[in-house]
Amino acid sequence: MSRIYHVAVTGNDAWEGSGERPFRTISKAADLAEAGDRVVVHEGVYREWVKPRHRGKSEVSRIVFEAAEGQKVVIKGSERIRSWERAGGTVWKCVLPNTFFGAYNPYKEALFGDWFVEPADASLHTGEVYLNGKSFYEARTLQEVEHPVKRIRGYGSPWTEESEMILEPEQTIYQWYCESDQENTTIYANFQGADPNEEVTEINVRKCCFYPEVPGINY
């Protein structure tokens, strides 16, 4: 018999997942949902990596994850940070223990691949800093964060032999830089006068938002 599980930010994972007593996380529902079941997620922001455990059976016997009708649901791989300290001028820093990230630290994880060709002298990471939903640019050095230069053009594909216009050049002065050792990760960011502890400031934390850890989980 098919079941419907409900999830809400006001819920509790110790409850049964009904409309009156919903789960708190989508992950809890994903652990239980089997072929033919539906997971109805109610309005809110869910900061988690959802890893479905079971698979559907066919096009007509799926596991369905859906937002409640007329409600906005957002799953984020980021966390809001409110522990920024002023490092000087408009630059702030936060120091986080590496245990905060668990097995995946995006500020230690470097981008690579044949598609990643520019800038050739940079070691960029899968981490990111966001201020009120706007992403920053990763800098090569802390000095670049302290003295950002507005950019009009970015890096284009090398085979085109042309650079690309940056759509929002005013955003390029919002830059960040990170340093990691065996115990801590330190992130520096230039917020251009904004107080990151008062605004919605987020950083990447999770590798995925919705993706199974084992192969063969489909439908």
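Is Arg140 buried, exposed or partly exposed, and at what relative accessibility? With a relative accessibility of 34%, Arg140 counts as partly exposed, where buried means under 20% relative accessible area, exposed over 50% and partly exposed in between, for a 1.4 Å probe and protein chains only. The structure is a predicted model, in which local features need pLDDT of at least 70 and side-chain atom pairs count only at pLDDT 80 or more, while totals for chains, interfaces and linings use all residues. Residues are numbered from 1 along each chain as its sequence is written, and side-chain values use heavy atoms, with hydrogens and water left out.

Side chains of opposite charge can pair when their charged atoms come close. A salt bridge is taken here as a side-chain nitrogen of Lys or Arg within 4 Å of a carboxyl oxygen of Asp or Glu, and by this rule the count comes to 9 salt bridges. One of them joins the side chains of Arg140 and Glu144, with N and O 3.9 Å apart, and Glu144 is partly exposed at 27% relative accessibility. In another, Arg38 and Glu66 meet with an N to O distance of 2.6 Å. Because Arg38 belongs to strand E2 (residues 38-41) and Glu66 to strand E4 (residues 64-67), this pair ties together parts that are 28 residues apart in sequence; helices (H or I, at least four residues) and strands (E, at least two) are DSSP runs, numbered from the N terminus. Arg38 is partly exposed, with a relative accessible area of 34%, and Glu66 is likewise partly exposed, with 28%. A salt bridge also links Glu59 to Arg62, whose closest N and O atoms are 2.4 Å apart; Glu59 counts as exposed at 55% relative accessibility, whereas Arg62 is partly exposed at 32%. Furthermore, Arg47, Lys76 and Glu202 are linked in a network of salt bridges.

Strand pairing was considered next. Strands of a sheet pair through backbone hydrogen bonds, either parallel or antiparallel, and two strands are taken to pair if DSSP finds at least two bridges between them. An open sheet of 4 strands has the order E6-E16-E9-E10, with antiparallel pairing. Strand E6 (78-80) and strand E10 (134-135) stand at its edges with a single partner strand each, so one side of each is left without a neighbour in the sheet. Strand E9 (residues 129-131) is joined to E10 by 2 bridges, the two running antiparallel, and Leu131 stands opposite Lys134 in E10.

A nonpolar core is defined as a set of buried Ala, Val, Leu, Ile, Met, Phe, Trp, Tyr and Cys residues joined through side-chain atoms within 4.5 Å. The largest such core holds 18 residues, of which Trp84, Val129, Trp176, Ile187, Phe191 and Ile203 touch the most other members. At least two residues of this core come from each of strand E8 (91-97), E9, strand E14 (175-180) and strand E15 (184-190), and E8 gives the most, with 3 residues. Apart from this core lies another, of 12 residues, among them Tyr5, Val7, Val41 and Val50. Leaving aside its neighbours within four places in sequence, Ile187 is in contact (heavy atoms within 4.5 Å) with residues including Trp84, Trp92, Tyr107, Val129, Trp176 and Ile203.

Gly88 lies in strand E7 (residues 85-88) and counts as partly exposed, at 36% relative accessibility. Although Gly88 and Asn190 are 102 residues apart in sequence, they are 9.6 Å apart in space, C-alpha to C-alpha.
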